[in-house]
Amino acid sequence: MRLNLDFNFSCTLSFITMNKEIYINTISWIILIALILASFTIAETHNSQLFLVIILLSVIKFLTITFQFVEVKNAHFIWKLTSILLITSYIIGVLILY
Amino acid sequence: MNQNSKSIYYPPGGILIWFLILLEIFTFLGAIFVFLYKRSAELEEFKQAQAFLNPLVGTINTIVLITSGYFMANSLHQLKNNDNKKSARSVKIAIFFGIVFLIIKSTEFYGKINHGIGFTENTFFTFYWLMTGFHYIHVLFGVGLLAYVQYAISKNKYKSTNTFDVESSATYWHLCDLIWILIFPVLYLL
């Protein structure tokens with residue numbers, strides 16, 4: 001009986017966690033779509049001064065996918081740092097070479 | 001996320017897929033940096049060539065790929081909750097959007113070829129074909145991988161206690177998103 005209650009509790013907890021994660025995924029997805037559309041709108045102004053904004057939006061998109069969809073947020077610190085360093089090298093490279 | 005996820009040796013999807021991610025992103029970063037270096041040297045030529053690309057199509061394709069990644073991320077949570085039916089359905093939707101991406105990209109490639117814009121047209125298009133073509137192959141492989149994962153989930157080969165392969169495949173699929181997020185603004189928007 002106790003085992004059954006524990007199992008039910010564990011299943012309920014797992015269900016709540018899953019729904020919470022899918023809810024956060026959905027919010028992240030909406031944010032990503034908004035950022036993609038914002039990048040397009042900014043690019044359509046043909047103002048080359050705004051390239052930095054487009055790149056910064058890409059950085060936010062990259063980190064959202066990595067931390068939420070790939071679940072780096074739950075990984076060891078070194079993998080979070082690796083993701084941040086990768087995207088930092090992208091920004092630095094673009095800023096120097098653009 | 002498996003129980004050892006906080007360990008340095010067990011990043012999401014396993015350490016090997018992360019070596020692949022690092023290798024792939026470094027490769028694409030190298031290509032992006034050389035592209036930008038060449039762009040600064042041949043700015044007018046690059047701007048003229050870029051005018052042949054349609055940023056709206058690129059934007060739609062980005063939304064399609066991100067949506068696919070969203071469904072793949074959800075499928076993993078559904079599998080971990082023992083809901084194989086919903087998980088398999090989510091992977092199926094992810095595959096659908098992956099195929100839509102490939103169709104849109106193929107149409108774009110076909111249009112370029114029809115206009116006689118090939119690999120050796122100019123420096124811009126050499127990089128365009130290299131980067132988007134290489135990414136296309138990744139997505140093509142990913143669709144095949146997800147098709148297998150979908151089949152295996154629907155046949156209950158994977159369960160909440162055995163999600164490692166699905167997690168690795170999902171991580172690979174997100175790699176395709178990440179690469180596209182990096183190359184899309186550089187090729188289409190800047």
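Hi everyone. Let me begin with a term: a helix here is a DSSP run of H or I with at least four residues, numbered from the N terminus. Keep in mind too that what you see is a predicted model.

With that in hand, let's look at helix 4 of chain B. After this helix comes B:G116, a glycine with a positive phi, near 75°.

B:K105 makes a salt bridge with B:E108, and their closest N and O atoms are 3.0 Å apart. The two residues sit 3 apart in helix 4 of chain B, which means that about one helical turn separates them.

Side chains of opposite charge can pair when their charged atoms come close. Over all chains, the structure has 4 salt bridges. One that I'd like you to find on the screen is A:E71 with B:K80, where the closest N and O atoms are 3.9 Å apart. A:E71 belongs to the loop between helix 2 (51-69) and helix 3 (77-97) of chain A, while B:K80 belongs to helix 3 (residues 55-80) of chain B, so this pair joins two chains. A:E71 has 5% relative accessibility and therefore counts as buried, the cut-off being under 20%.

B:K80 has another partner. It forms a salt bridge with B:E167, with 3.6 Å between the closest N and O atoms. This pair links distant parts of the chain, since B:K80 is in helix 3 and B:E167 is in helix 6 (residues 164-189) of chain B, 87 residues apart. B:E167 counts as buried too, with 3% relative accessibility. Put together, A:E71, B:K80 and B:E167 are linked in a salt-bridge network.

Now for the rings. How many aromatic pairs does the structure hold? Over all chains there are 24. Take B:F35 and B:F127: their ring centres are 5.8 Å apart and their planes are at 75°, so this pair is edge-to-face. B:F35 is in helix 1 (residues 15-41) and B:F127 is in helix 5 (residues 123-154) of chain B, so to speak 92 residues apart, and the pair links distant parts of the chain. B:F35 counts as buried at 1% relative accessibility, and B:F127 is buried at 11%. Both belong to a cluster linked by ring pairs, whose members include B:F46, B:F52, B:W129 and B:Y136.

On the surface, there is a nonpolar patch made of A:F77, A:I78, A:L81, A:L85, B:I8, B:Y9 and B:Y10, with about 690 Å² of accessible area together. One of its members, B:I8, is in the segment before helix 1 of chain B, and is partly exposed with a relative accessible area of 31%.

Last, chain A as a whole. Its secondary structure comes to 3 helices and 0 strands. Of its 98 residues, 40% count as buried. The accessible surface of chain A is about 5400 Å², and 75% of that belongs to carbon and sulfur atoms.

Terms used
Residues are numbered from 1 along each chain as its sequence is written. Chains are lettered from A and ligands numbered from 1 in the order in which they are written. This is a predicted model: local features need pLDDT of at least 70, side-chain atom pairs count only at pLDDT 80 or more; totals for chains, interfaces and linings use all residues. Side-chain values use heavy atoms; hydrogens and water are left out. Rings of Phe, Tyr and Trp (its six-membered ring) pair if their centres lie within 6.5 Å; planes under 30 degrees apart count as stacked, over 60 as edge-to-face and the rest as tilted. Buried means under 20% relative accessible area, exposed over 50%, partly exposed in between (1.4 Å probe, protein chains only). Patches are made of residues with over 30% relative accessible area and no salt bridge: like charges are joined within 9 Å, nonpolar side chains (Val, Leu, Ile, Met, Phe, Trp, Tyr) within 5 Å. Accessible areas come from the Shrake-Rupley method with a 1.4 Å probe; for residues, only the protein chains shown count as cover. A salt bridge is a side-chain nitrogen of Lys or Arg within 4 Å of a carboxyl oxygen of Asp or Glu.
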